[in-house]
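Take a look at the sequence and the fold below.

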Amino acid sequence: MNWTFEVVCVPVSDVDRARKFYVDQLGFHLDYDTEQGDNRVIQVTPPGSGCSICFGRGVVDMQPGSMKGMVLVVPDLKAAREELVKRDVTLSEIKVYDRDGSLRAYQEGDGLDKMGFVFFNDPDGNEWSIQQIDDRR
């Protein structure tokens with residue numbers, strides 16, 4: 001039996017602002033935006049991902065901004081960062097994990113595969129990172 005992980009619910013305070021951020025700025029695909037009574041559910045999916053996020057009114061009973069540790073994976077961290085900068089997303093410079101396990105600023109010549117990250121928050125403060133993984137085999 002296959003078990004697939006397909007949706008993460010993210011707590012937000014302003015549904016329309018979150019939709020604009022995830023769809024217009026990050027470029028996630030809008031799967032649906034529906035209202036049922038007092039509830040509103042929006043589901044979006046990062047390009048190429050098998051896992052979506054949902055948010056809205058009545059979706060999750062958590063404080064907005066309380067999600068930490070969500071990771072997006074890309075094959076080219078520099079290109080991904082450049083694309084998000086063009087989309088007016090505020091994000092960190094590229095960071096790498098050093099041999100001693102500490103996180104430091106990227107320096108030309110550093111390997112990024114599995115070690116390179118960029119960090120950003122959504123408008124509510126939910127924390128995301130983007131990690132470079134060259135090959136998923």
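**A walk through the fold**

Leaving aside neighbours within four places in sequence, S129 is in contact with M70, V71, L72, F117, V118 and F119. Contact here means heavy atoms within 4.5 Å. This is a predicted model, in which local features need pLDDT of at least 70 and side-chain atom pairs count only at pLDDT 80 or more, while totals for chains, interfaces and linings use all residues. Residues are numbered from 1 along each chain as its sequence is written, and side-chain values use heavy atoms, with hydrogens and water left out.

S129 sits in strand 9, residues 127–132. Strands (E, at least two residues) and helices (H or I, at least four) are DSSP runs, numbered from the N terminus. Is S129 buried or exposed? S129 counts as buried, because its relative accessibility is 7%. The cut-offs are under 20% relative accessible area for buried, over 50% for exposed, and partly exposed in between (1.4 Å probe, protein chains only).

Five strands form an open sheet in the order 5-9-8-6-7, with mixed pairing. Strand 5 (70–74) and strand 7 stand at the edges. Each has a single partner strand, so one side of each lacks a neighbour in the sheet. On average, neighbouring strands of this sheet are turned by 35 degrees against each other, direction ignored. Two strands pair if DSSP finds at least two bridges between them. Strand 6 (residues 95–97) and strand 8 run antiparallel and are joined by two bridges. K95 has F117 of strand 8 as its bridge partner.

What lies across strand 5, strand 8 and strand 9? Helix 2 (residues 77–86) does, running at about 20 degrees to strand 8. Axes are lines fitted to C-alpha atoms, for helices over the stretch in contact, and angles run from 0 to 180 degrees between N-to-C directions.

Next, the surface. Y97, L103 and M115 make a nonpolar patch of about 250 Å². Patches take residues with over 30% relative accessible area and no salt bridge; like charges are joined within 9 Å, and nonpolar side chains (Val, Leu, Ile, Met, Phe, Trp, Tyr) within 5 Å. Accessible areas come from the Shrake-Rupley method with a 1.4 Å probe, and for residues only the protein chains shown count as cover. M115 is found in the loop between strand 7 (103–105) and strand 8 (116–121). M115 has a relative accessible area of 34%, so it is partly exposed.

Charge comes last. Side chains of opposite charge can pair when their charged atoms come close. A salt bridge needs a side-chain nitrogen of Lys or Arg within 4 Å of a carboxyl oxygen of Asp or Glu. The count comes to 13 salt bridges. In one of them, D33 pairs with R19, with the closest N and O atoms 2.5 Å apart. D33 lies in strand 2 (residues 29–36) and R19 in helix 1 (residues 15–25), so the pair ties together parts that are 14 residues apart in sequence. D33 is partly exposed at 27% relative accessibility, and R19 is partly exposed at 29%. D33 also forms a salt bridge with R40, at 2.7 Å between the closest N and O atoms. R40 is buried, with a relative accessible area of 10%.

E93 and R81 meet in a salt bridge through their side chains (3.2 Å, N to O). E93 lies in the loop between helix 2 and strand 6, and R81 in helix 2, so this pair ties together parts that are 12 residues apart in sequence. E93 is exposed at 54% relative accessible area, whereas R81 is buried at 17%. Salt bridges that share partners join D16, R19, D33 and R40 into one network.
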